[in-house]
Structures are given as structure tokens and as C-alpha cells.
Amino acid sequence: STCSSLPMANFTADGVCGPSLGPAEPTLLSNVLFPTEDGGYARSDVLLAGGKIAFIGAAGAALPADLSSPSPLNIDCTERMLLPGFVNAHTHSVEHWCHGLIKPLPLELWVQQLLRHEPRGAAGWYGADSFSKTPADMIKISAVLCGVESMLSGCSAVLDHLFVRDLDDIAAAVEGYKAVGVRAFIAPMLGDEAAMYDNYIPKVPDATARNQQCGGGCCGAMGVGGAFREPGESSYSPDRMKAALQLWEEAVQRFHDPAGGVEIVIGPVTAYSASAEMLRGAAELRKKYDLCGHTHLLETRAQALMAKQYFASGSAVKHLHEAGFLSGRGTSCAHTVWLDDEENAIMAQAGASCVHNPLSNARLGSGVMPVQKMIQAGVNVAMGTDGACSSDGQDLIEAIKLATILAPLTTQEYRHWPKGRQAVMTLASKNGYEAIGMKGAGGELKIGMVADVTLWDLTSLALLPRSDPISLLALGSPPPPPGGRAP
């Protein structure tokens, strides 16, 4: 069936409905509802050719002579609305396997359960041998599911901050995303902690005294054996740093293929999980290959307090900036709930993006990112779903809705409350493409932009009555998937 028969159809970079990123015939979307820059709508004809938006004109307007031959495939879009593709700018595809498993917990407790119960964890598919025995095909399957669910919510690109063991895991993710056809920005999530994810556990200033009071038994804390973590504990491993930098570079050499829809992103776990030396090495790799960079940043109040323990500057943002990691094409940091004004200014000056993940931040009690405050400070803000275990889905429209309705809680100045159109047309699309290093190349409905666009069914119950379709998309009930039914 043609795209015009679907409730929502994704047009990938080649301008046709479906998963292919290869060459395709020119396609004319005729009489489509087109959002205008003044906040209204117009009926337009839009030509997609050569992987780009080649023409935008009033409905019924004649195509320029140089674009009219050969005659393009014509799709009647009278009952469709055209939007730029969204970017799911932060997720963890492998969390699919723990979808709905972990009860509500703060991040620092939740992540320990995730590490234990994911397929490669101590309580994974093969018990104590899960890390070595779980096949890489597990990652391919979860990448497919992540890509499909993201695409069904209007995404044309996904940034997957992916916990990997080796190149086989990365290869599996590449295969999965290529099968779907969504643009994939795969960020192997690596660190050089002496013990994996130890630095998610806060250090305690009076840990020695507390542990002594427990007489060597369990204190009910998060350290080994239930002990409190000592402030002076060694955290980093030079061997793990060398292995991580080598794995990133080998992944780039083998899989980095922007023209084919796959980019390898340098993705330290957090500022705490990577030594300053590792962050400097990561920054050098990015410069060498012109790569995007991605990491978690100040997701919880505990992490904001930990910055004062871990870093001489007392700031995780300054730590990343001093290591050179915030500079360069497509730098993005997930969550950024607990930045202060000075840190916002540093992010804006460096040109780094903040990725708003309202679903997981609410579910884990991490807080509400002050989006409008950051925008006013000049920070580029994009949207993400986070992993399917912390947000329980990959539906970016759900994230857009929550971001829009949570914003009024951060300020009583109602004139600063965002409209649904801002989340749809700016945060999720234009800003999303900037966050993945494609500023000025995608995320906008303009001639010359990549043809990463979506069509939405205006006859869907979710988009009726036709008061303001974009606002309904952002704030109403989610539209049904292609071929599906409304609830």
C-alpha cells in the first residue's frame, strides 16, 4: 500500500515510505497540510527527491521544469499533515528486556537492579555466566524493537547509548537499525571505573565511622557487602580506559557510515564513570574522526552533590568542559536536571545540547528539567524517551506530552509556558537534529533539508476535530500506529 493509506507514515532520507535508505524515485506529496512559520497551516505540494526536500509550493503549483522530469510519484495527501521527523535523542535499546520489570526506585538503586537483571547481568539469561554466554543477537532484537517503536511515534533518528561488551554487540545493533531503516546514532556506553558502575554509588564523608559501627557486617548501604563507600576509594583503571578507547576507535573504523544511516558516537557513561584522562582521549577521538559525543549529566540531586566530592572544580559540567568533551559537532548530554546558572552558561557557550527525558526523570524521582530556563540561557534542548525500563516505552509523543504539561510546574510565569508546537517543531525535530550533529541539514521543513519527514492521518480520532492538529498531537491521545485502531 502507498503511504497515503497509513495513519502515520515515515519517509526516510530517500523520500519514500519504508525502511530503505537507498536511492528512490522522486515523490510528490500533493495538497498536504503544511505547518507555516507564523503558527498556522497551508495546503502545499512538497517534492522529495535525491534524499532531500527539493520543492515546496502552494497546492496545485507547477513544478519547476528541472524537477518535473521524470514525472514524480504523486501521493494525494489531502487527509495528511506533514511534519519533520523527530529525534529520539537519548535511549538505551537493550532495556527492552527489562521493560516493566523493576519497581519504582531512585536512579541510584534502580540502576543496580537493571545491571543485575538485564540479559547479560548476574541474574540474566545464563545466570552467573550471562555476561559471556548471552548472544549478541539479543542486542539486534532490542535495537529493532527500539527503532520500530521510535519510528511509529514519528522518529526518523535514534541516539542509542548502548552498553556493549565488544564489537559483536555493536555489529548486532547496526544490523538491527539497518533492518528498520531509521537513522541510528550508536553510542557505545563505556567507562574506566575499576568496578563497573561503582561511581553511581555516592561516597560518604563519614563512611569509616559508620562501617565501624556495623562491626564489619551489613550497614544497609550500597557498597560491597552493604558497606558505605569510603571517600578515598580508588575509582579508575588504566587498562579499562585503554580498552574503551580502543573499542570506540575500532567501532568507528568498522561501522561509522553516515551516508548509510549509521554513525558511531563517543559515549562515556557519565562524568563520574570516566576518568579525566579517558575524557580527554574521547575528545581526541571525536576530533580525529569528526564524531558526535554523548553522556549522562547531572540526572539526580545525588549526582549534583557528588560533583563536589569527585571534581576539583566541584562541577561535573566544568569537568567535562576542561577535558574538551563538550566541544565539537553534536555534543549532547542526557537529563541535565540539576545544572546551575553558571553550568547552563557553559553548556550554551560550548554549543552542547541538553536532552530532556521527562518520562524517566519522573518515574525515578530525579526531578523536572527546567527547559524554558535553559532555552533562555541559550542552550539547545532536544527530546528523548530514555530506555524502555525507566520510561516503559519508546514513544516520543508521550515524552512530548509530558514535557509540555510539566513545564508549568517549573515557573509561575505563564507567559513562559511552552505550547505543544514548540515541543513538536523545535525540541523534538529542529533541536534534535542539532543534537546529533545535523544542524541546518534536517529537522525542518525547508528546501535542501534531508527528507526525514512524517505524514500524519488527519482522519484519526486523535487529531479530530481539526482545531490545531500539532497541538492535538502534542497534548491529546496518541494516534494509532499504521494499520492499527484507535483505542
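**Salt bridges in a predicted model**

K140 and E175 form a salt bridge, with their closest N and O atoms 3.6 Å apart; the term covers a side-chain nitrogen of Lys or Arg within 4 Å of a carboxyl oxygen of Asp or Glu. The pair links distant parts of the chain, 35 residues apart: K140 sits in helix 3 (residues 137-152) and E175 in helix 4 (residues 167-180). Helices (H or I, at least four residues) and strands (E, at least two) are DSSP runs numbered from the N terminus. The model is predicted: local features need pLDDT of at least 70 and side-chain atom pairs count only at pLDDT 80 or more, while totals for chains, interfaces and linings use all residues. Residues are numbered from 1 along each chain as its sequence is written, and side-chain values use heavy atoms, leaving out hydrogens and water.

Whole structure
- A search of the whole structure finds 19 salt bridges.
- One network of salt bridges links E118, R120, R165 and D169.

The K178 pair
- K178 forms a salt bridge with D257, the closest N and O atoms being 3.9 Å apart.
- Because K178 lies in helix 4 and D257 in the loop between helix 6 (238-255) and strand 10 (262-264), the pair ties together parts 79 residues apart in sequence.

The E413 pair
- E413 and R415 form a salt bridge with closest N and O atoms 2.8 Å apart.

Accessibility
- Relative accessible area under 20% is buried, over 50% exposed, and in between partly exposed (1.4 Å probe, protein chains only).
- K140 is partly exposed at 31%, and E175 is partly exposed at 43%.
- K178 is partly exposed at 42%, and D257 is partly exposed at 31%.
- E413 is partly exposed at 23%, whereas R415 is exposed at 63%.
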